[in-house]
Amino acid sequence: MASAPPPPVVRVGVAALVRDAEGRLLMGVRKGQHGGGTWQFPGGHLEVGEAGFGACAEREALEETGLAVRADRVVAVTNDVFGPEKHYVTIFVLCWTVGEGEPRVMEPEKCACWEWKTWRDVRNMAAAGQVFLPIANLVRDHPDLEALTKAI
């Protein structure tokens, strides 16, 4: 007798809000079925035993963009229900670029490109339905996005 599949669980996603010296944010276009064609920040799943949200953001940014970044702080959390079987809590971590270099597509099966965007761009893309669900929720829940990422 086959056992029943385990019930769905809430997963933890970490998004790296990577800012450059001009204050722009790094965003890319997702590929695949889960949010394909929408704009995203670098990020992914918190791994079991990972040192923290900042460590996850730094790892994911490097893996996906080739950029070394320094995590600063958690600036927001969203509750992202994609459907009855897919539910995430997304932790948004402010990160700053370290050194020189431009982002590169390191995982071409997952991302089409990386571009620098202003907060105005992010808000406009969210209003047009062009962003991944966690970013849409971030814009909705935190309308003054730029204030979240000011240097302390």
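Which residue forms a salt bridge with R24, the closest N and O atoms being 3.7 Å apart? That residue is E22; a salt bridge here is a side-chain nitrogen of Lys or Arg within 4 Å of a carboxyl oxygen of Asp or Glu. This is a predicted model, in which local features need pLDDT of at least 70 and side-chain atom pairs count only at pLDDT 80 or more, while totals for chains, interfaces and linings use all residues. Residues are numbered from 1 along each chain as its sequence is written, and side-chain values use heavy atoms, with hydrogens and water left out.

**Annotated span**

- The UniProt annotation "domain: Nudix hydrolase", from an unreviewed entry, covers residues 7–139; UniProt positions are given in the numbering used here, feature names are shortened, and annotations may be inferred rather than shown by experiment.
- Residues 7–139 are 22% helix and 41% strand, and the end C-alpha atoms of the span lie 30 Å apart.
- Helices (H or I, at least four residues) and strands (E, at least two) are DSSP runs, numbered from the N terminus.

**Salt bridges**

- The count comes to 10 salt bridges.
- R24 also meets D20 in a salt bridge, at 2.7 Å from N to O.
- E22 is exposed at 63% relative accessibility, R24 is partly exposed at 27%, and D20 is buried at 8%; buried means under 20% relative accessible area, exposed over 50%, and partly exposed in between (1.4 Å probe, protein chains only).
- The side chains of K110 and E107 form a salt bridge at 4.0 Å, N to O.
- K110 is partly exposed, with 46% relative accessibility, whereas E107 is buried, with 15%.
- A network of salt bridges links E47, E50, R59, E60 and E63.

**W116 in strand β7**

- Strand β7 (residues 111–117) holds W116, which counts as buried because its relative accessibility is 16%.
- Beyond neighbours within four places in sequence, W116 is in contact (heavy atoms within 4.5 Å) with V18, R19, D20, R24, L25, L26, L67, T97, E102 and P103.
- W116 and H34 are 82 residues apart in sequence, with their C-alpha atoms 22 Å apart in space.

- T78 lies in strand β5 (residues 69–83) and is buried, with a relative accessible area of 2%.
- A polar contact of 2.8 Å joins the side chain of T78 to that of D80.
- Not counting residues up to four places away in sequence, T78 touches Y88, V89, T90, F92, P134, N137, L138 and D141.
- Helix α3 (residues 133–141) has P134, I135, N137, L138 and V139 as its buried residues.
- Cover for the buried residues of α3 includes β2 (25–30), β3 (39–40), β5, β6 (86–97), α2 (119–127) and α4 (145–148).

**Nonpolar surface patch**

- V12, F53, V74 and V77 form a nonpolar patch on the surface, with about 290 Å² of accessible area together.
- Patches are made of residues with over 30% relative accessible area and no salt bridge, like charges being joined within 9 Å and nonpolar side chains (Val, Leu, Ile, Met, Phe, Trp, Tyr) within 5 Å.
- Accessible areas come from the Shrake-Rupley method with a 1.4 Å probe, and for residues only the protein chains shown count as cover.
- V12 is in strand β1 (residues 10–19) and is partly exposed, with a relative accessible area of 31%.
- F53 lies in helix α1 (residues 53–65) and is partly exposed at 34%.
- F53 touches V12, V14, L46, V74, I91 and V93, residues up to four places away in sequence not being counted.
- F53 and A16 are 37 residues apart in sequence and 9.4 Å apart in space, C-alpha to C-alpha.

**G49**

- G49 sits in the loop between β4 (43–45) and α1 and is exposed, at 76% relative accessibility.
- The C-alpha atoms of G49 and F82 are separated by 25 Å, the residues being 33 apart along the chain.

How values were computed:
Polar contact = N/O pair within 3.5 Å; in protein donor to acceptor, adjacent residues only side chain to side chain.
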